[in-house]
Amino acid sequence: MSNHSFHRPDAMPLREALRGLRFVLRRGGEAIAETFDLDVLPKPASDFANVALREAGDFLRSVDEIASDVAKNLLGGSAISALPLQDIMEKPNARGDFAVAFYVALTTVLRHLGAAKVLVSEAAARAAFDRLSGRVSEETVENRAAQLTFCLLNARVMRGTTAQQAALVPGASLEAVSLFAVMLWLQAARSDEENEAALMAASDMAVALAPEISAAAAEKDVARIAALYKKYVSHV
Amino acid sequence: MSEIKLNTGVLPATNEPLRIAVRRMRWFKQAFQRFVEVTARDLGCTFEIDDVKLAAAFMRWLNAVEIQRPADKSERKAFFEFAAALVLRELTADLPLKATGPATLADSNSAAAFWPEGYCCTLFCLSVHAAAMEQEFHDQTALDPAIDDLRHWWSFKENTMQDTSFSSGFLQMLLGHQPNWMMPDVFRARIKSDLGAPPQN
């Protein structure tokens, strides 16, 4: 029997690619539907165009479904982690565990806020975590969480936020508010049973704090975000 | 004796003391949702909850408690009682609740039929208060007979529309206290012989 240990391949790049594909397909389908007004075409051109677009739409939907199913079922990553941020940071594979927990939580928050179509990048979350890891660790949890919040903002972990006019939070604030919600939740003490309710609570609180969060984010005020975490983490 | 009963049994179970749990958004939201659901069933009406307004009310209440909390530990119980009045102030300031039809099972001359949303929010505050007082101080909450007088509810609704602090005084009154109607939502301005205030030197 061999003594070689086999490292499990990192599935994150594949997940990321599939999510990106799904995002483009969904956006592409919407763009086609919104762009063409086939009624203005004369017959039989409008009939041909209708058939072609219907078939293109069916194709996009089927590819979208395949990409969604593969991303969800084969590659996992849909359970919301109950580990607090402090514990995640101390794990051997902290960057990977953080990015997975962050991705699942952020997509849940975005759905709650009515912005389900925003693309979230797990790879960017991992890169943001790496940037934080290089800094001094002898700080309070809320300070590190605040720094990580700005690393995540700078890494552009969310794409397509400005198109979300129907969300509970305006597009311009959506990024900072939803990131704040996830980071607040990650710091909160919670049991497995309360985990999802705690995430929704953090999301509701972030919406209520949207003006303060947006102002602090615009001014790149790490201390102010840390102060908000400190003040509200025990109330999630 | 009033037929209005507080419903503490509907509040979610928690391993934490209620005074801690109530200051957590997740518990507060779940408690409010359950209370509204049961009240709607009892009254024969349907309520819609606005989660955004509910969260905003909760956050304003946290800030109000932080600002007004006395440093003197001897005032703890009095402030504990007062905190419920501040919850009602924040809920009525921007009601997170909307009745989508009349309360068909409520007596037409009752407070519940007159103002279902105000009634539900008031009973929620009283019920949480009663459960917390029982747990923390082994006190049984007794409601003032004023709760059955529809004229007080008329006054509550009308005055709260103009000045949200009024609802703080209304809740103190229902708990049998004499509110300072000039500043009913200011703990320091409460009438000193009331709300368990220490005797004056």
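Tutor: We'll take confidence, then the interface, then a few spots inside chain A.

Student: What kind of model is it?
Tutor: It is a predicted model.

Student: What does chain A average in pLDDT?
Tutor: Chain A averages 81. In that chain, 72% of the residues score at least 70.

Student: Where is confidence lowest in chain A, and where is it highest?
Tutor: Lowest is helix H2 of chain A, residues 45-74, with a mean of 66. Highest is helix H10 of chain A, residues 222-232, at 98.

Student: New topic, the interface. How many residues of chain B are in contact with chain A?
Tutor: On chain B, 13 residues. They are in contact with 20 residues of chain A.

Student: And how much area do chain B and chain A bury between them?
Tutor: About 1300 Å². Carbon and sulfur atoms account for 59% of it.

Student: What about polar contact across the interface?
Tutor: The rule finds 9 residue pairs, both residues at pLDDT 80 or more.

Student: Which helices of chain B supply the side that touches chain A?
Tutor: Helix H2 (25-43) and helix H3 (51-68) of chain B each supply at least two residues. H3(B) gives the most, with 8 residues.

Student: What classes of residue are on that side of chain B?
Tutor: It has 7 nonpolar, 1 polar and 5 charged residues.

Student: Switching to rings. How many aromatic pairs are there over all chains?
Tutor: A search of the whole structure finds 19.

Student: Take A:Phe98 and A:Phe102. Why is the pair called stacked?
Tutor: Their ring centres are 5.5 Å apart and their planes are at 25 degrees, so the pair is stacked. Planes under 30 degrees apart count as stacked.

Student: Where do A:Phe98 and A:Phe102 lie?
Tutor: Both are in helix H4 of chain A, residues 94-112. They are 4 residues apart, about one turn of the helix.

Student: Last one. Where does A:Leu119 lie?
Tutor: In strand E1 of chain A, residues 119-120.

Student: What is A:Leu119 in contact with, leaving aside neighbours within four places in sequence?
Tutor: Its contacts include A:Arg19, A:Phe23 and A:Val157.

Technical notes. Residues are numbered from 1 along each chain as its sequence is written. Chains are lettered from A and ligands numbered from 1 in the order in which they are written. This is a predicted model: local features need pLDDT of at least 70, side-chain atom pairs count only at pLDDT 80 or more; totals for chains, interfaces and linings use all residues. Side-chain values use heavy atoms; hydrogens and water are left out. Contact means heavy atoms within 4.5 Å. Buried area is the accessible area (1.4 Å probe) that two parts lose on being put together, summed over both. A polar contact is a pair of N or O atoms within 3.5 Å; within protein, one must be able to donate a hydrogen and the other to accept it, and residues adjacent in sequence count only if both atoms are side-chain atoms. Ala, Val, Leu, Ile, Met, Phe, Trp, Tyr, Cys and Pro count as nonpolar, Asp, Glu, Lys and Arg as charged, and the others, Gly among them, as polar. pLDDT is the predictor's confidence in each residue, from 0 to 100. Rings of Phe, Tyr and Trp (its six-membered ring) pair if their centres lie within 6.5 Å; planes under 30 degrees apart count as stacked, over 60 as edge-to-face and the rest as tilted.
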